[in-house]
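Please keep the sequence and the three-dimensional view at hand while reading.

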Amino acid sequence: MGSSFRQSDSKPGRAPALSFPLLSYLNSPELVVSIQRAFGVEYCEKGESHSAENDNNDNHATQSRATGQNVKKRARRRGPALTTEETSSEEDEDKPASHARVTNRFWFVLFHIGAGLGNEIFYIAFFPWWFWNVDSASARRMVLAWVVIMYIGQAAKDLVCWPRPASPPVVRLEKRYEEEYGMPSTHAMIAIAFPWSLIVSTAARYDYPLVPAIICAILWCSLICTSRLYLGMHSVLDVIVGLVFSALLIGGALPLFDAIDQLQLTHPWSPYASFFIGLLLCLAYPTLQKWNTARGDTTIIVGVAAGVSVGSWLAFQHGMLVDPHQPRPYPVVWPTALQHGLSLIRMGVGIVIIWATRAVFKVLTFNLASRLWGFDPHDRATKKKIQVELPHKYLTYYAIAFNVIYVCPTVFRYLGVSRDVTFTEL
C-alpha cells in the first residue's frame, strides 16, 4: 500500500535519513530500482518514450507511463505487443512524467496477482468462501489475526508517516494505495500472519501433513512481499520491518485466540462489546495529516471483524455451531461431486445476499450520515469526511459480515444446501 508526495511537501518522496548505513541502504529507492530491473521493469526519461515504444514492438514488451495520483488508462494493440498509456489529470501536470518499459509479462502478471493476495478485497472475498465451505472455527481465528495485524499496521503507517520510495527513479506500477504511507508494509505483515494463523488454527484440529502447508506459506509470503518491491510500492526496509513486526504481533496474539473465541461465543455481553469496541477503535485511529485510503480500509476490516463476532455469537446461541465431542485431530473429509455442486449453490446464493446487503447499506448509511452532519451527499469530498466515512463503511461491512455468518447459513439450511458441520464449527 502506498503514498505519493508532491513537490510542495517538505520532503517529497524522500526516504528519512537513517544513521546506520545498512538501514539506509535497505531503505534506498536505488535498491528497489535494481530489483525492478532484475524482473524486467525499466525507468525511461520522458524524452525516451518514442524509442521505448519502438523497443516494445521489437521485444513484445508492455509500456506504461505513470504520471500522478489520478490517471485515465487506455490500452491499444500495436503489432504483437500491448501498449498501455496513462494520462495524468490536470492537477498532476506539474509532476514529472515517468515511463516504464516492462519487458517480461510473466513477472508483470504474477506480481500483480501476488499484490492482490494482500489486498483487503481478497480477504473480504476469501472469508465467506471459507466460512460457508470449509471451517468456521479456524476462520474466526484468521479474522482475529487479520484485524489485529491490519489495524496496528495501518495505524503505524499514519503515525510514522514515512513516504514510499521516491518516484522517479522507482517506477510505481500500482495506484490503489498510492495515497498511503509506506512504513511498515501491511502487505508483508498480512503475508506472514495469514498463512501462519491458518496453519496454527488447523494443525491441532485436523490430521494433515504440515510440511507442504509450511512450504505453501513460505511461497505465499515470498510472492506477496516481492510483489511490493516489483510494483515500486515499498522499500526493502518497509517489507523487512513489516515481516518482523507481524511475526512479533502474531506470535504474542495467537495463543490468546482460543480464549477470545470462547469469550465472543459465550459471554452474554459479547455482541455489545464487539460492536462498540470496534467503533471505538475506528474513532481512536490516528488523525491523518493528509487524507488517504488507510483509515477507510481499516474501518472496513474492523467492521467485518465486529460483524463476524456478533454473527457467531448469535449462531452459537441458536445452536447453529455444533460441538463434535470427539477427540482431535479430526480427519480431513474431501468433498464429493455432490458437495462441490452444493458449494457452488451456496456461493451463488450467498453472493446475491452480500450484494443486496452492500447495495442497501452503502446508500442508506452514506445518505443518512451525510444529512445528519449537514454534508451534501452529491459532493465527492463528502466521502472523505470522517463523520461520513466511518459510519458508512463500518455499518455497511458490519452488516455484510453479520449476514455472511448468520443470515446466509440460515438461508442455506432452509434451502437444504448447508454443508456438513460435524467437525468445523467449535
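Gln-264 is buried, its relative accessible area being 9% (buried means under 20%, exposed over 50% and partly exposed in between, with a 1.4 Å probe and protein chains only). This residue belongs to helix H10, residues 257–266; helices (H or I, at least four residues) and strands (E, at least two) are DSSP runs numbered from the N terminus. The model is predicted: local features need pLDDT of at least 70 and side-chain atom pairs count only at pLDDT 80 or more, while totals for chains, interfaces and linings use all residues. Residues are numbered from 1 along each chain as its sequence is written, and side-chain values use heavy atoms, with hydrogens and water left out.

**Surroundings of Gln-264**

- The side chain of Gln-264 forms a polar contact with the side chain of Ser-309 at 3.1 Å; such a contact is a pair of N or O atoms within 3.5 Å, where within protein one must be able to donate a hydrogen and the other to accept it, and residues adjacent in sequence count only if both atoms are side-chain atoms.
- Leaving aside residues up to four places away in sequence, Gln-264 touches Arg-140, Ser-270, Ser-309 and Trp-313, where contact means heavy atoms within 4.5 Å.

**Packing of H11 and H12**

- Helix H11 (residues 270–283) and helix H12 (residues 294–317) have axes that come within 9 Å and cross at roughly 175°; axes are lines fitted to C-alpha atoms, for helices over the stretch in contact, and angles run from 0 to 180 degrees between N-to-C directions.
- H11 is therefore roughly antiparallel to H12, a description used for angles over 145 degrees, whereas those under 35 count as roughly parallel, 65 to 115 as roughly perpendicular and the rest as oblique.
- H11 contributes Ser-270, Pro-271, Ser-274, Gly-278 and Cys-282 to the contact, and H12 contributes Thr-299, Val-302, Ala-306, Ser-309, Val-310 and Trp-313.
- These contact residues comprise six nonpolar, five polar and no charged (Ala, Val, Leu, Ile, Met, Phe, Trp, Tyr, Cys and Pro count as nonpolar, Asp, Glu, Lys and Arg as charged, and the others, Gly among them, as polar).

**Nonpolar cores**

- The largest nonpolar core has 60 residues, and Phe-127, Phe-131, Met-142, Trp-146 and Ile-190 have the most contacts inside it; a core is a set of buried Ala, Val, Leu, Ile, Met, Phe, Trp, Tyr and Cys residues joined through side-chain atoms within 4.5 Å.
- Helices that each supply at least two residues of this core include H5 (120–133), H6 (136–160), H10 and H12.
- A second, separate core of 27 residues includes Leu-31, Leu-173, Leu-231 and Met-233.

**The loop between H6 and H7**

- Cys-161 lies in the loop between H6 and H7 and has a positive phi of about 60° although it is not a glycine.
- Cys-161 is buried, with a relative accessible area of 16%.
- Pro-184 is also placed in the loop between H6 and H7, and a cis peptide bond with omega of about -5° joins Met-183 to Pro-184.

**Gly-114 and the chain overall**

- Gly-114, found in helix H4 (residues 105–116), is buried with a relative accessible area of 0%.
- From C-alpha to C-alpha, Gly-114 and Cys-221 are 9.1 Å apart in space, and they are 107 residues apart in sequence.
- The chain has 14 helices and five strands, and buried residues make up 52% of its 426 residues.
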